[in-house]
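Welcome! Please take a moment to look over the sequence and the structure shown here before reading on.

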Amino acid sequence: MAVEKMSIAKALNESLRLALDSDPKVLIMGEDVGKLGGVFRITDGLQKDFGEDRVIDTPLAESGIVGTAIGLALRGYRPIVEIQFDGFVFPAYDQIVTQLAKMHARALGKVKLPVVVRIPYGGGIGAVEHHSESPEALFAHVAGLKVVSPSNASDAYWMMQQAVQSDDPVIFFEPKRRYWDKGEVDTESIPGPLHKAVTAREGGDLTLVAYGPMVKVCLEAAAAAQEEGKSIEVLDLRSMAPIDFDAIQKSAEKTGRVVVVHEAPVFYGSGAEIAARITERCFYHLEAPVLRVGGYHVPYPPARLEDEYLPGLDRVLDAVDRSLAF
Amino acid sequence: MTVESTAAARKPRRASKRTSAAKKPQSAGPQLVQLLTPEGERVEHPDYSIDLSAEELRGLYRDMVLTRRFDAEATALQRQGELGLWASLLGQEAAQIGSGRALRDDDYVFPTYREHGVAWCRGVDPTNLLGMFRGVNHGGWDPNSNNFHLYTIVIGSQTLHATGYAMGVAKDGADSAVIAYFGDGASSQGDVAESFTFSAVYNAPVVFFCQNNQWAISEPTERQTRVPLYQRAQGYGFPGVRVDGNDVLACLAVTRSALERARRGEGPTLVEAFTYRMGAHTTSDDPTKYRADEERAAWEAKDPILRLRTYLEKAGHADEAFFTELEAESETLGKRVREAVRAMPDPEPMALFEHAYADGNSLVDEERAQFAAYQASFADSAEEGK
């Protein structure tokens, strides 16, 4: 029996362990990933078991981490890079956008860049500035990158396996406030392709589209709405680039009403892209305009204000009500 | 720092005295490694020696002459509208051929966009370098066929790739070395500083070859540094050496020594090749706006090709027939490059969607299909119009 209950953090740790174990070319690089096991302990114990040559504590220089990972990939390695927090990725943004994303195309396909960039992201943990951001749209906008985010332990385990096996660079956003949420993981059965959305809850009246940390909020909202007799479907996107528009379209055509929920600011967020695509694909099936719930167009607030900033159960239900009122 | 000196530092200086290009000190300092003087005299250096056969010397000369000829042809092709842009290496032939000929086949090169001479040494077909400047691709060669990575346009980024690659070489237990090219302008980039840090702490087998050609477009080296660039290495814990970048023998000897050091597992070396960009930054630039003719003239007297020719002739290592044949070979190369560029076809429109991803991408697939249908719609209307 390979089904085990574990936290997202543990699932990631187990998945990284499996990756290191099954391919000698896989490396882990980042700040404090060695003895400490990372500030969130995602790489706990891996350096002890695989050595300093494969689980590499790096200098504190994010551009250097990603830039050298690119060089290692060109040499045939498959680096998995940890960026300590979402807000710390920007020194590496140049290497990710101008080099990592484009080098395969620049070489007319003659080199591959199998690099995974892990980023713990999102708020809700009462942290100081730069520790709670959701910059996924900034990466999803860049051709050449793939951007994914698991919402549960099983996806954390399997999507990491798939990301490591991908020959394209993958930005792997980990919902840090859900690290300790537990779920069942079947380590012998792959749930599905990396870039396919999954219906997390079936419903007929309205579709909530979410990914990463917001899937749980949407499931709670759907359960609360059920008590009022509303049948809400929840779609877990899992991949923000590419997006499984077919799955969104199918659900939108069924329910006629869509609300997209993410922590990232609504303005230019993935919800905007999803709303536009739904309009293009199934305009006549819609009973209401696509609504969005997300962060505001302000810098991420101090911790004591983050509950106002982040979409919570009530703000999602409010959007559900507004959509159903059309 | 005292209050007075702070105030003094803030006092605006008259720019004319400080930055006049004509008065800019050009001395490379006593630390400069030189084996062949601008006058073509062979001199010895206590730390670096080189013993080349007449044939090898002629080979270096030939490389430099052909590289310069190719470079001149590319500049002409840009002026004729065949290329959108060209970044000339004029004046830097010795730095590139000397360092390039120090490499073994299994070594790996990470160039900037101006390493045409190094590309030549690696056996990359010169016409392949021109695709990106014509606009038919972003780099048309397979980096792994000649261990010569694609040209990197963003300044300094490739030094980190070279460092990572060298870390991989060390992990593999191979005894190859990696060389990263960059310039005086790039020395200010954070990526270059980070590559120094990473290569030092991991003891990576990489040679940082900085061609200090004195100008980063319009900015003189004084805008990038207050110390000679080679001295930067000391702060990172590895050796730095300044070599006469117009002396192909010294560049070869110094690079060879740095590569050997890397192979022995002794880590990185910074080589600063002190040279001069004789031409414009690129064909879009106008250096008359920011530097004086006298400066260029002074460097003209240090020409890398001329000094080797003087030496070859004086030492009796080459006869007139050699130079005549080389001239003919140069012209043949120029003609071949010219014809190849003119015959270079534009890519097919559908090539837009190739190679964005290695494993494919549903969004690209969708947009490719839309674009194909859009293109096909013109075919339909052309049919109807008949």
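What follows is a short tour of a sheet, a helix pair, the domains and a chain contact.

This is a predicted model, in which local features need pLDDT of at least 70, side-chain atom pairs count only at pLDDT 80 or more, and totals for chains, interfaces and linings use all residues. Residues are numbered from 1 along each chain as its sequence is written, while chains are lettered from A and ligands numbered from 1 in the order in which they are written. Helices (H or I, at least four residues) and strands (E, at least two) are DSSP runs, numbered from the N terminus.

**The sheet of chain A**

- In chain A, 7 strands make an open sheet with mixed pairing, in the order 3-2-4-5-7-6-12; two strands pair if DSSP finds at least two bridges between them.
- At the edges are strand 3 (55-57) and strand 12 (239-241) of chain A, each pairing on one side only.
- On average, neighbouring strands of this sheet are turned by 20° against each other, direction ignored.
- Strand 2 (residues 26-30) and strand 4 (residues 78-82) of chain A pair in the parallel sense over 5 bridges, and A:Ile28 stands opposite A:Ile80 in strand 4 of chain A.

**Helices across the sheet**

- Helix 1 (residues 8-22) of chain A lies across strand 2, strand 4 and strand 7 (170-175), at about 130° to strand 2 of chain A; angles run from 0 to 180 degrees between N-to-C directions, and axes are lines fitted to C-alpha atoms, for helices over the stretch in contact.
- Helix 7 (residues 153-165) of chain A runs at about 160° to strand 7 of chain A, and strand 5 (116-121) and strand 6 (146-148) are among the strands it lies across.

**A helix pair in chain B**

- Helix 8 (residues 157-172) and helix 9 (residues 190-201) of chain B pack at an angle of about 15°, their axes 7 Å apart.
- These two helices of chain B are therefore roughly parallel to each other (angles under 35 degrees count as roughly parallel, over 145 as roughly antiparallel, 65 to 115 as roughly perpendicular and the rest as oblique).

**Domains and the chain contact**

- Chain B is divided into domain 1 (27-342) and domain 2 (349-385), with bounds from an automatic or database domain assignment.
- The centres of these two domains of chain B, taken over C-alpha atoms, are 41 Å apart.
- Between the chains, 35 residues of chain B are in contact with 34 residues of chain A (in contact: C-beta atoms, placed from the backbone, lie within 7 Å).
- Helix 8 of chain B gives the largest share of chain B's side, 11 residues.

Terms used:
Contact = placed C-beta atoms within 7 Å.
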